[in-house]
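This report looks at a predicted model.

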Amino acid sequence: MPKQGISTIGATVTIGENKLNYVTEFADIGGSPSELDATCMNDKMKHYVPGVQDTKSYEVTYLFDNSDTSSDYRVLEALQTAGSIVPIIVEFSDGTKKSATGYVSTYIVGAKVDELITAKAVLMLQTDWTTTNPA
């Protein structure tokens, strides 16, 4: 019998060869296609056909740390500087993996009193998401 949902506990995000240490949020995976108007003069209601899917950029929020060479921020900043297309893998606790590739950029998010400093990794996706189902 299928489970009634899974927790985010144990979910991981890997960008390039680096599993991020302190992910707090990741964006929707996928998106709906644009709607192309296919309405004709003799139609009494609008008709649409699906167009191109636009996933825009894919964002991952993580806790900022730049204390050593393996910190998420430093690793992502190096990938940004390299300017290469890298893989991203989001893996869920049930073993489902969603994979794509893209260019990486990262930045520190504005902060206010009494909160942790966060940063974002933004991937300009270059491939569609693929799914690897659990065994």
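## Around Leu76

Start with Leu76. Its contacts beyond four places in sequence are Ile15, Leu20, Tyr62, Val104, Thr106 and Ala121.

## The largest nonpolar core

Leu76 is among the residues with the most contacts inside the largest nonpolar core.

S9 gives the most, with four residues. As a general point, nonpolar side chains in soluble globular proteins tend to be buried together.

## Lys120 in strand S9

Strand S9 also holds Lys120. What does the side chain of Lys120 make a polar contact with? The partner is the side chain of Glu59, at 3.2 Å.

Leaving out residues up to four places away in sequence, its contacts include Val60, Thr61 and Tyr62. Ser105, Thr106, Tyr107 and Val109 are also touched by Lys120.

## Asp114 in the S8–S9 loop

Asp114 is found in the loop between S8 and S9. Its phi is positive, about 65 degrees, although Asp114 is not a glycine. Most residues other than glycine have a negative phi.

Is Asp114 buried or exposed? Asp114 is exposed, because its relative accessible area is 79% and the cut-off for exposed is over 50%.

Technical notes. Residues are numbered from 1 along each chain as its sequence is written. This is a predicted model: local features need pLDDT of at least 70, side-chain atom pairs count only at pLDDT 80 or more; totals for chains, interfaces and linings use all residues. Side-chain values use heavy atoms; hydrogens and water are left out. A nonpolar core is a set of buried Ala, Val, Leu, Ile, Met, Phe, Trp, Tyr and Cys residues joined through side-chain atoms within 4.5 Å. Buried means under 20% relative accessible area, exposed over 50%, partly exposed in between (1.4 Å probe, protein chains only). Helices (H or I, at least four residues) and strands (E, at least two) are DSSP runs, numbered from the N terminus. Contact means heavy atoms within 4.5 Å. A polar contact is a pair of N or O atoms within 3.5 Å; within protein, one must be able to donate a hydrogen and the other to accept it, and residues adjacent in sequence count only if both atoms are side-chain atoms.
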